Amino acid sequence: MKATAETVGKEQKNRRIKMRFSTKSVVVTGVASGLGRAIACLLANEGAKLVLVDRAREQLEELTAILRNSGTEVGEVVGDVSEEATSRRAIALAKSQYGSIDVLINNAGINPTGAIAETDPSTWQRALDVNLKSAYLFCREAIPHMVEAGKGVIVNTASIAGQRASTAESVYGVSKAGLIMLTRTIARDYGSKGIRANAICPGVLESVMADRLTRMSPDQVAARDQRFAPTVPLGRLGTYEEIAKATLFLASEDASYVNGAQLTVDGGLTA
Ligand SMILES: NC(=O)c1ccc[n+]([C@@H]2O[C@H](COP(=O)([O-])OP(=O)(O)OC[C@H]3O[C@@H](n4cnc5c(N)ncnc54)[C@H](O)[C@@H]3O)[C@@H](O)[C@H]2O)c1
């Protein structure tokens, strides 16, 4: 199954597809590009009702239009995920439009680079706000509704950079390690209320994150790919679609006994 907007709808007609999310209300952040977009398309293919959040208005509206045309119910929220108002609007929209928040996927992120002495305080704070505080804010808004319903699922997009130190990714790694622990505390505190929380930890992907692309030339990206691919036991970098599929597994009833886990999806890079 290809996770592109173009395949949405066509895939729904494919009778072999499991519809694990039909009637489920799913809030996803960071959907305007990359992994979030792939997650949103796969969820649409499996019948989810979506609230999509991103700060990139144009790309968000384009995706929303494609998904609506394919018959998916979609609400959209344009905003900065590190601001409380954005999480309030998104969760309130899901509740008013669909009556529940069944799944929350905190995926938005940025990827500042540099060792600690090269990281200025504003970069440090911004990374923690976008990559970690945002997930706290969205969870804080969603969890009371999930507790009331007696069920709910949270998936946070972390990274292998949050599991072990990566060169020159200091604050990024710190933010993702924090996100993993946020996930685990939720799993422990709210498992008894029927809520599952898990983190997904992608390795090195074929596609460099959008904000990092602004600092890297195509030649630098190609050099990065050539450097990393041979170090992965599977011999290649991962795709957004592969990570999105693993995310949907955690979000679905297929993972009904998975709680507080870190699902590493890195082709064996950190094995
Ligand atoms: N690409 C990789 O190699 C890789 C590896 C491991 C983990 N990840 C994680 O996967 C997630 C998605 O990464 P991606 O590769 O798709 O990156 P991306 O840059 O393509 O997408 C990130 C999305 O988040 C949105 N976003 C960023 N800051 C925001 C903010 N403050 N408010 C609202 N929206 C905001 C962007 O507009 C964009 O749509 C991130 O959390 C990232 O850390 C990516």
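This is a predicted model: local features need pLDDT of at least 70, side-chain atom pairs count only at pLDDT 80 or more; totals for chains, interfaces and linings use all residues.
Residues are numbered from 1 along each chain as its sequence is written, and side-chain values use heavy atoms, with hydrogens and water left out. Local features need pLDDT of at least 70 and side-chain atom pairs count only at pLDDT 80 or more, while totals for chains, interfaces and linings use all residues.

**Stop 1: the ligand shell.** Select the ligand, then the residues around it. There are 28, each with a heavy atom within 4 Å of the ligand. The closest include Leu 35, Asp 54 and Tyr 240. By class, the shell holds 13 nonpolar, 10 polar and 5 charged residues. Here Asp, Glu, Lys and Arg count as charged; Ala, Val, Leu, Ile, Met, Phe, Trp, Tyr, Cys and Pro as nonpolar; the others, Gly among them, as polar.

**Stop 2: polar contacts (N or O pairs within 3.5 Å).** Show Tyr 172. An N or O atom in the Tyr 172 side chain lies 2.6 Å from a ligand oxygen. At Ala 32, a polar backbone atom is 3.4 Å from a ligand oxygen. At Ser 207, a polar backbone atom is 3.2 Å from a ligand nitrogen. The protein buries 95% of the 830 Å² that the ligand exposes when taken alone (Shrake-Rupley, 1.4 Å probe).

**Stop 3: the helices.** Color α1 (34-45), α4 (121-149) and α5 (170-190); each gives the shell at least two residues. Helices are DSSP runs (H or I, at least four residues), numbered from the N terminus.

**Stop 4: along α4.** Center on Asp 129. A kink of about 40° in α4 is centred there, the bend being the angle between axes fitted to the seven residues ending at a residue and the seven starting there.

Definitions and conventions:
A polar contact is a pair of N or O atoms within 3.5 Å; within protein, one must be able to donate a hydrogen and the other to accept it, and residues adjacent in sequence count only if both atoms are side-chain atoms.
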